[in-house]
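Open the model in a viewer with the sequence panel alongside. The stops below say what to select and what to look for there.

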Amino acid sequence: MVSRRLRILRAITAVAAIFAFCVVMFGAFVRLSNAGLSCPDWPTCYGEVTWPGHAHEIAQANEAFPDRPYETHKAWREQVHRFLAGSLGVMVLIIALMSAWRRRFAIAALLASAVFAAVGVGMYMQGEHVVSSILSALAIALPLLVAWRLDRPGAWRVGVLVLGVIIFQAMLGMWTVTLLLKPVVVMGHLLGGIATFGLLAYAALRFCGVGSDNDRYAALRRLVVLGMVLLVCQIALGGWTSSNYAALACGTDFPTCLGQWWPATDFHEGFVLWRGVGVNYEGGVLDMAARSAIQIAHRIGALVVFCYLSWLSFKLARAGLRGAGIAVGVVLLVQVALGIGNVHLGLPLPVATAHNGVAALLLFTLLVSLARAQRRSIEPGT
């Protein structure tokens with residue numbers, strides 16, 4: 001019989017996974033609408049908890065940040081995204097505490113992690129950046145330690161692990177602003193959002209009892225994991241493409257690039273991860289050859305992922321996971337169509353945002369496939 005606590009944990013984890021998907025989508029909307037620096041400070045927006053709304057507040061904002069004139073239609077997007085991410089963080093904390101329930105050391109460590117994270121934000125706002133960094137590092141490390149030491153099956157440990165991930169994700173959000181859209185940070189922020197969604201989705205699936213009664217699908221596990229690794233690498237390439245403003249480096253040509261199969265490219269310059277501090281990356285800093293190299297790399301990666309996941313879709317269906325195999329294939333086709341549509345249509349905001357969301361959904365189909373291929377575990381509280 002399923003306990004009341006496990007039923008609650010199932011529900012809140014499922015809701016959190018759906019909410020995390022929405023946060024990923026809204027984050028993509030903010031990034032792709034060039035609103036990533038619309039609030040030049042963090043976690044406030046021009047010094048406001050929300051954002052300036054009255055004429056005198058806007059005048060004060062422009063005076064305080066003369067290099068970043070206030071834009072009403074953008075600022076609310078960035079700050080709402082922060083509110084959504086903060087709400088998700090509270091949900092994740094509840095999931096972590098419920099996953100570690102009746103483990104006194106674990107509960108104490110997780111509560112300490114939340115306190116360190118909150119105090120770290122306060123220290124950052126007061127200019128105590130070194131102290132803030134130390135507290136944030138402790139806030140991240142404690143959930144990782146608890147997840148490692150927790151004597152419970154995988155889903156419960158994942159429920160704890162995701163707390164550390166989302167705290168680090170918050171730090172990446174801060175660095176996105178303070179380091180002026182540095183591409184490696186923006187890419188990491190995207191991957192952090194995808195990781196948060198993926199971990200919550202996997203935990204929800206396992207809490208809900210998704211799995212096999214035996215090990216007849218054991219041979220498929222490594223194949224699915226490899227598919228997830230390839231997909232995450234491709235998502236990272238997509239984040240690198242977006243953060244370097246290289247999505248239209250090939251114009252609106254597909255499958256050619258600027259009317260050629262292989263135009264002038266500079267892969268070395270295109271994949272320099274760190275260029276120092278103080279550079280404003282809004283709009284991009286690379287020349288056309290470097291951006292073309294990034295776009296071509298993204299297309300090559302897309303081809304590799306398409307070929308492998310198409311084969312994996314067929315393999316899953318043939319092995320008995322027909323629904324999972326069909327889902328992988330259908331979502332994959334939609335994602336490819338959106339990618340091509342981005343190029344041909346000149347990167348319209350709705351299509352570009354959907355491209356991010358469907359990437360997350362494609363990961364979800366692989367997570368379902370992995371959960372289906374694993375043996376159903378008997379979780380505490382059942």
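**The whole chain**

Colour by secondary structure: the protein has 12 helices and 0 strands, where helices (H or I, at least four residues) and strands (E, at least two) are DSSP runs numbered from the N terminus. From the N terminus on, the order of elements is α-α-α-α-α-α-α-α-α-α-α-α. The radius of gyration is 22 Å, close to the 21 Å that the globule rule gives for 382 residues, so the protein is as compact as a globular protein of that length. That radius is taken over C-alpha atoms, and the globule rule is 2.2 Å times the number of residues to the power 0.38. Along its principal axes the C-alpha trace spans about 60 × 55 × 35 Å.

This is a predicted model, in which local features need pLDDT of at least 70 and side-chain atom pairs count only at pLDDT 80 or more, while totals for chains, interfaces and linings use all residues. Residues are numbered from 1 along each chain as its sequence is written, and side-chain values use heavy atoms, with hydrogens and water left out.

Of the 382 residues, 48% count as buried. Buried means under 20% relative accessible area, exposed over 50%, and partly exposed in between (1.4 Å probe, protein chains only).

**Cys39, Pro43 and Cys45**

Select the loop between helix 1 (4-32) and helix 2 (55-64), where Pro43 is placed. A cis peptide bond joins Trp42 and Pro43, with omega about 0°. Now show Cys39 and Cys45, which are joined by a disulfide (S to S 2.0 Å); a disulfide here is a pair of cysteine sulfur atoms within 2.5 Å. The torsion about their S-S bond is about -75°, so this disulfide is left-handed. Cys39 is buried, at a relative accessible area of 0%, and Cys45 is also buried at 0%.

Move to the loop between helix 8 (218-243) and helix 9 (267-270), the place of Pro255. The peptide bond between Phe254 and Pro255 is cis, with omega about 10°. Cys250 and Cys257 form a disulfide (S to S 1.9 Å). With -85° about the S-S bond, this link is left-handed, and both cysteines are buried.

Leu258 lies in the loop between helix 8 and helix 9. Its phi is near 55°, a positive value in a residue other than glycine. Most residues other than glycine have a negative phi, and most peptide bonds are trans. Leu258 is partly exposed, at 40% relative accessibility.

The disulfide count for the protein is 2. With the bonded cysteines numbered in sequence order, the pairing is 1-2, 3-4. Cys208 is in no disulfide, and the nearest cysteine sulfur, that of Cys22, is 17 Å away. Cys208 is partly exposed, with a relative accessible area of 45%, and Cys307 is partly exposed, with a relative accessible area of 45%.

Select residues 154-178, which make up helix 6. This helix has 25 residues and reaches 36 Å from its first C-alpha to its last, close to the 36 Å expected at 1.5 Å a residue; the expected span is 1.5 Å times one less than the number of residues. Just after helix 6, Leu180 takes a positive phi of about 60°. Leu180 lies in the loop between helix 6 and helix 7 and is partly exposed, at 27% relative accessibility.

**The second largest pocket**

Which residues line the second largest pocket? Select Val158, Leu191, Ile194, Ala195, Gly198, Leu199, Tyr202, Val232, Leu363, Leu367 and Leu370. The elements that give two or more residues to this lining are helix 7 (183-207) and helix 12 (349-373). Helix 7 gives the most, with 6 residues. The lining divides into 10 nonpolar, 1 polar and no charged residues. Ala, Val, Leu, Ile, Met, Phe, Trp, Tyr, Cys and Pro count as nonpolar, Asp, Glu, Lys and Arg as charged, and the others, Gly among them, as polar.

The volume of this pocket is about 240 Å³. On a 1 Å grid over the protein atoms alone, a pocket is an open set of points with protein on both sides within 12 Å along at least five of seven lines, whereas a cavity is a set of points where a 1.4 Å probe fits but cannot get out; lining residues have an atom within 4 Å of a point. Grid points are joined across faces, edges and corners, and a volume is the space filled by probe spheres set on the points.
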